[in-house]
Amino acid sequence: MAVGARSGHDGPEDRADGARGENVTEENTSGDGTSSSGDRPDGTDGTDENGARPRKQRSFWKELPLLIGIALILALLIKTFLVQAFSIPSESMMNTLKKGDRVLVDKLTPWFGSEPERGEVVVFHDPGGWLETAETPKPNAVQKFLSFIGLMPSAEEKDLIKRVIAVGGDTVSCKEGGKVVLNGKELDESAYLYPGSVPCQDSFGPIKVPQDRIWVMGDNRQNSLDSRFHQELPGGGTIANDQVVGRAVVVAWPVTRWATLPVPDVFDQPGLNPAAAPPAAAAPATAAVGFAAALPLVLRRRKKRAARHTAE
């Protein structure tokens, strides 16, 4: 039959709508090319070995606020416990530090009991009366926020930066036109003093620095209102160790000024430490030990004498 010839079969022709063939091979597909049973075109159902479907990856824009929050928290922790940036507001530390330089201050080591040492450049809070006439800039809200988290140097806080010359127990002095004398040793400060600057234009001292305090001076001695000019204040111009924020360790900005801030070799010269006084109890203790050692000998001699007199 002609119809049978068209269908390719010798038997009767299937129904015109092909329903009979579809009953055998039917797969109702959805519009996205996947089967209604959940199978994918590649023959898988989208699950892993354990039968669990993989989570859909979050978009970058949904994760961005979380990343920013973590970064801000880390920045705040670093500023509080590790390092903080400070801006140099004056010329008192030239040429070591120039106005506008940004320095990084180590705030970690003081947490472990480290105290300021001679020759270090330190940042410290105004102990009172040092910056009475100094004007502090008025930052905007963005600058305040960046300063709070440590991404920008502090502008409102009244902090100073100087070099430690003497620590608790030291004696420091200087004669007009001469060199600074520390514990009887003259300091050769040519390595860090501003060119043309003299160690002191006016005499001061000798001053005995109290324990747990420091005596500080700027490297630009003719343009630095340091310990020399605040001797009428409580502490006699010295700074309490707990007022020290930390040690400036590196000039971070501008990049052309990048440099570390090591302790000058002059502060490592031998004999700079003050002579230690002998302990007050050392002499009595020594006498007591000597008396205890001599007592048996004295008693023995007296016993021999007594026996000799008895024999006579």
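Tutor: Start with a definition: a disulfide is a pair of cysteine sulfur atoms within 2.5 Å. Keep in mind that this is a predicted model.

Student: Why are Cys-174 and Cys-200 called a disulfide?
Tutor: Their sulfur atoms lie 1.9 Å apart. The cut-off is within 2.5 Å, so the pair qualifies. The structure holds 1 disulfide.

Student: Which parts of the chain does the pair link?
Tutor: Distant ones. Cys-174 sits in strand β5, residues 171–174. Cys-200 is in the loop between β7 and β8. The two cysteines are 26 residues apart.

Student: What is the handedness of the link between Cys-174 and Cys-200?
Tutor: The angle about the S-S bond is -85°. The link is left-handed.

Student: How do you know whether Cys-174 is buried or exposed?
Tutor: Compare its relative accessible area with the cut-off. Buried means under 20%. Cys-174 has 2%, so Cys-174 is buried.

Student: And what of Cys-200, buried or exposed?
Tutor: Its relative accessible area is 0%. That falls under 20%, so Cys-200 is buried.

Student: What makes the phi of Asn-183 worth a remark?
Tutor: Phi is near 50°. That is a positive value in a residue other than glycine. Asn-183 lies in the loop between β6 (180–182) and β7 (185–186).

Student: Why is Asn-183 called buried?
Tutor: Its relative accessible area is 18%. The limit is under 20%, so Asn-183 counts as buried.

Student: Where is Asp-212, and what is its phi?
Tutor: Asp-212 is found in the loop between β8 and β9 (213–217). Its phi is near 65°, a positive value in a residue other than glycine.

Student: Why does Asp-212 count as partly exposed?
Tutor: Exposed means over 50%, and buried means under 20%. Asp-212 has 49% relative accessibility, in between, so the label is partly exposed.

Student: Which residues are joined by cis peptide bonds?
Tutor: Asn-95 lies in the loop between β1 (83–87) and β2 (102–106). Another joins Gly-205 and Pro-206, with omega about 5°. Pro-206 lies in strand β8, residues 204–208.

Student: How many helices and strands does the chain have?
Tutor: The chain has 5 helices and 12 strands. Of its 312 residues, 29% count as buried.

Notes. Residues are numbered from 1 along each chain as its sequence is written. This is a predicted model: local features need pLDDT of at least 70, side-chain atom pairs count only at pLDDT 80 or more; totals for chains, interfaces and linings use all residues. Side-chain values use heavy atoms; hydrogens and water are left out. Helices (H or I, at least four residues) and strands (E, at least two) are DSSP runs, numbered from the N terminus. Buried means under 20% relative accessible area, exposed over 50%, partly exposed in between (1.4 Å probe, protein chains only).
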